Amino acid sequence: MSETSRGMSRLYNMDLERVLLIFLVIVLHFNNRDMGGALNAMAGGIIPEVIIRLGQSLAICAVDAFVISSGYFAAFKKEHAGSPADAGTVSSVPWRKALWLLAVCSFYRTVGYVLYVAWITHDFSPRVLVGYMIPNNWFVCLFVTLLLLSPYIDHVLAAGSLSKPVCILCILFSVVPTAVSIARDLAGVDLNGLSTVTWQGDGSGFNIGLFVFMYCLGYALRAHRDYLDRFHPLFYLATYMLASCLTAAVSRITESIWNYSSVTVVLEAVMLTLMFTRIRIGSENTGRVISAVGGCSLGIFVWHTMPLMIFGLWSRFDIPSSFIAATLTMYALSFVWVFSCRTAAGVIRRRLRPADR
């Protein structure tokens, strides 16, 4: 979800991917049994089940694709920035950006709680407020960890061939976890001790190992773009759709196929990202609009998970029949709120900035 550098030509196509990915994240939370609740409606008949399983399978790759696109852009920046002397050193670690992401997360969480209390519950608790002030969002925390490690990862990736390390990471953090999870579910026996991540399994992909793998994978996609660009974008779109259909079919046997570390989910994320790398945004004005929406991704990600939005908005829709209306409304309102906050922050920064002499 990181923003591209303002000092260089933007990859508007990757910003466009982020616009789609944050929508897919909202779809995931709409389906989530404890949030939107659509997955609870699969017992309503074969048609609702097929639609929900397919929708979940199309969207489940969003988190992986976010991290892959970050690795892709890191390689892009490396190409344009050359090899700075401090690459892979403490001085190159983006501490300020990491702290800023945590602060942004805390801001949206805190404001979300205050508005939820003011408009809905009217039950304020200082202890709960403090809890919301802590940026304990799993994605943000793992992404910040990856961000702090990224200069060292970039240094290693730029020093040699990418094929072998990426293959090893794929085996350790995707192939083996997928095999262990599916075998465990089918056998009905705890096989987590076979995991290559922790003795309790890989946490469905909620771990820094998968994030590092996705980042390296994105870096490798950029490095091998001359070969990958030989394929038509429709090839990548078709492969993404086929992988999603396979994921949906297997989910009837075991829903562990929806883990972020799942081989089919990783394949979906790669195909979707490769499709967007082939898209070209011809208009600068269009690109800037796309960039403005894509730049709100982090805020939308945090904001739309607040109880204010889930219980105050989605509770007003018929779940799951109002899928399109519910997800688009969540996207639109979250974007308006986040964009307004970003605009106000920009005005304040300009007013506080000392005038050039």
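Leaving out residues up to four places away in sequence, Arg222 touches Tyr72, Ala75, Phe76 and Glu79, where contact means heavy atoms within 4.5 Å. Arg222 sits in helix 8, and helices here are DSSP runs (H or I, at least four residues) numbered from the N terminus. This is a predicted model, in which local features need pLDDT of at least 70 and side-chain atom pairs count only at pLDDT 80 or more, while totals for chains, interfaces and linings use all residues. Residues are numbered from 1 along each chain as its sequence is written, and side-chain values use heavy atoms, with hydrogens and water left out.

- Arg222 counts as buried because its relative accessibility is 10%; buried means under 20% relative accessible area, exposed means over 50%, and partly exposed is in between (1.4 Å probe, protein chains only).
- Along the chain, Arg222 and Val63 are 159 residues apart, and their C-alpha atoms are separated by 19 Å.
- Asp154 belongs to helix 6 and is buried too, with a relative accessible area of 16%.
- Not counting residues up to four places away in sequence, Asp154 touches Ala74, Tyr215 and Tyr219.
- From Asp154 to Val289 there are 135 residues along the chain, and 30 Å between the C-alpha atoms.

**How helix 8 packs**

- Two packed helices are described by the angle between their axes and the distance between the axes.
- The axes of helix 6 (residues 138-159) and helix 8 (residues 208-223) come within 9 Å and cross at roughly 50°; axes are lines fitted to C-alpha atoms, for helices over the stretch in contact, and angles run from 0 to 180 degrees between N-to-C directions.
- Helix 6 and helix 8 are therefore oblique to each other (under 35 degrees counts as roughly parallel, over 145 as roughly antiparallel, 65 to 115 as roughly perpendicular, and the rest as oblique).
- The crossing of helix 6 and helix 8 is right-handed, meaning that the near helix is turned clockwise from the far one by less than a right angle.
- On the helix 6 side, the residues in contact include Trp138, Phe139, Leu142 and Asp154, and they meet Ile208, Phe211, Val212, Tyr215, Cys216 and Tyr219 in helix 8.
- By class, the contact of helix 6 with helix 8 has 14 nonpolar, 2 polar and 1 charged residues; Ala, Val, Leu, Ile, Met, Phe, Trp, Tyr, Cys and Pro count as nonpolar, Asp, Glu, Lys and Arg as charged, and the others, Gly among them, as polar.
- Helix 8 also packs with helix 11 (residues 263-277), at an angle of about 35° and with the axes 11 Å apart.
- That crossing of helix 8 and helix 11 is right-handed.
- Phe213, Met214, Leu217 and Leu221 of helix 8 make this contact with Val266, Val270, Thr273 and Leu274 of helix 11.
- Sorted by class, the contact of helix 8 with helix 11 has 7 nonpolar, 1 polar and no charged residues.

**Salt bridges**

- Side chains of opposite charge can pair when their charged atoms come close.
- The count comes to 8 salt bridges, each being a side-chain nitrogen of Lys or Arg within 4 Å of a carboxyl oxygen of Asp or Glu.
- Arg33 pairs with Glu255, with the closest N and O atoms 3.2 Å apart.
- That pair links distant parts of the chain, 222 residues apart: Arg33 is in the loop between helix 1 (12-31) and helix 2 (46-59), and Glu255 is in the loop between helix 10 (233-251) and helix 11.
- Arg33 is partly exposed at 37% relative accessibility, and Glu255 is partly exposed at 29%.
- Arg278 and Asp229 form a salt bridge (3.9 Å, N to O).
- Arg278 lies in the loop between helix 11 and helix 12 and Asp229 in the loop between helix 9 (225-228) and helix 10, so this pair ties together parts that are 49 residues apart in sequence.
- Glu284 and Arg288 meet in a salt bridge (3.6 Å, N to O), and both lie in helix 12, 4 residues apart, about one turn of the helix.
- Glu284 counts as partly exposed at 40% relative accessibility, whereas Arg288 counts as exposed at 52%.
- Shared partners join Arg33, Glu49, Arg53, Arg252 and Glu255 into one salt-bridge network.

**Ala292**

- Ala292 is in helix 12 (residues 284-294) and is partly exposed, with a relative accessible area of 28%.
- Leaving aside neighbours within four places in sequence, Ala292 is in contact with Phe335 and Phe339.

Definitions and conventions. Helix = DSSP H or I, 4+ residues; strand = E, 2+ residues; numbered from the N terminus.
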